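This briefing goes through one protein chain, from its overall layout to a few individual residues. Please look over the sequence and the model before reading on.

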Amino acid sequence: MTAPKLRAVLKNIHGIWSVMCHYEQCRLLQNIISRILIFDDRLEIEPKVDGIKALLKDVGVEVK
């Protein structure tokens, strides 16, 4: 999966996000984000690659 394709898939999550309950939103974030680091001048988000791959597979996107 290329970065542009991943961005396109995740860009469409807004419609799904708005109908998810808070628990589901929390579980989704826990499954795709490993760590968030906050600095004075930036924010770093460390993804869970396996979690993202599983999510994409669940929605029917072929992942290598």
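A charge sits over a ring if NZ of Lys or CZ of Arg is within 6 Å of the ring centre and within 35 degrees of the ring normal. In this predicted model, R42 lies over the face of F39, at 3.9 Å from the ring centre. The protein chain has 64 residues, of which 12% count as buried, and its secondary structure comprises four helices and two strands.

**Fold and dimensions**

- The order of elements along the sequence of the protein chain is α-α-α-β-β-α.
- The C-alpha trace of the protein chain spans about 40 × 30 × 20 Å along its principal axes.
- Among contacts in the protein chain with a separation of 6 or more, 21% join residues 24 or more positions apart.

**Surface and charge**

- The protein chain carries 10 positive and 8 negative side chains.
- The centres of the positive and negative sets lie 6 Å apart.

**Aromatic rings**

- Zero aromatic pairs turn up in a search of the whole structure.
- The ring of F39 has R42 over its face, and F39 is also one of the residues in contact with E44.

**E44 in strand β2**

- Strand β2 covers residues 43–47 and includes E44.
- Is E44 buried, exposed or partly exposed? E44 counts as partly exposed because its relative accessibility is 34%, and the partly exposed class lies between under 20% for buried and over 50% for exposed.
- Apart from neighbours within four places in sequence, E44 is in contact with R35, I36, L37 and F39.

**K53 in helix α4**

- Helix α4 runs over residues 49–58, and K53 is placed in this helix.
- K53 has a relative accessible area of 35%, so K53 is partly exposed.
- Which residues does K53 contact, leaving aside its neighbours within four places in sequence? The contacts of K53 are with V63 and K64.
- K53 and D41 are 12 residues apart along the chain, and their C-alpha atoms are separated by 30 Å.

Conventions. Residues are numbered from 1 along each chain as its sequence is written. This is a predicted model: local features need pLDDT of at least 70, side-chain atom pairs count only at pLDDT 80 or more; totals for chains, interfaces and linings use all residues. Side-chain values use heavy atoms; hydrogens and water are left out. Buried means under 20% relative accessible area, exposed over 50%, partly exposed in between (1.4 Å probe, protein chains only). Contact means heavy atoms within 4.5 Å. Lys and Arg count as positive and Asp and Glu as negative; His and the chain ends are not counted. The place of a charge is taken as NZ of Lys, CZ of Arg, CG of Asp or CD of Glu. Rings of Phe, Tyr and Trp (its six-membered ring) pair if their centres lie within 6.5 Å; planes under 30 degrees apart count as stacked, over 60 as edge-to-face and the rest as tilted.
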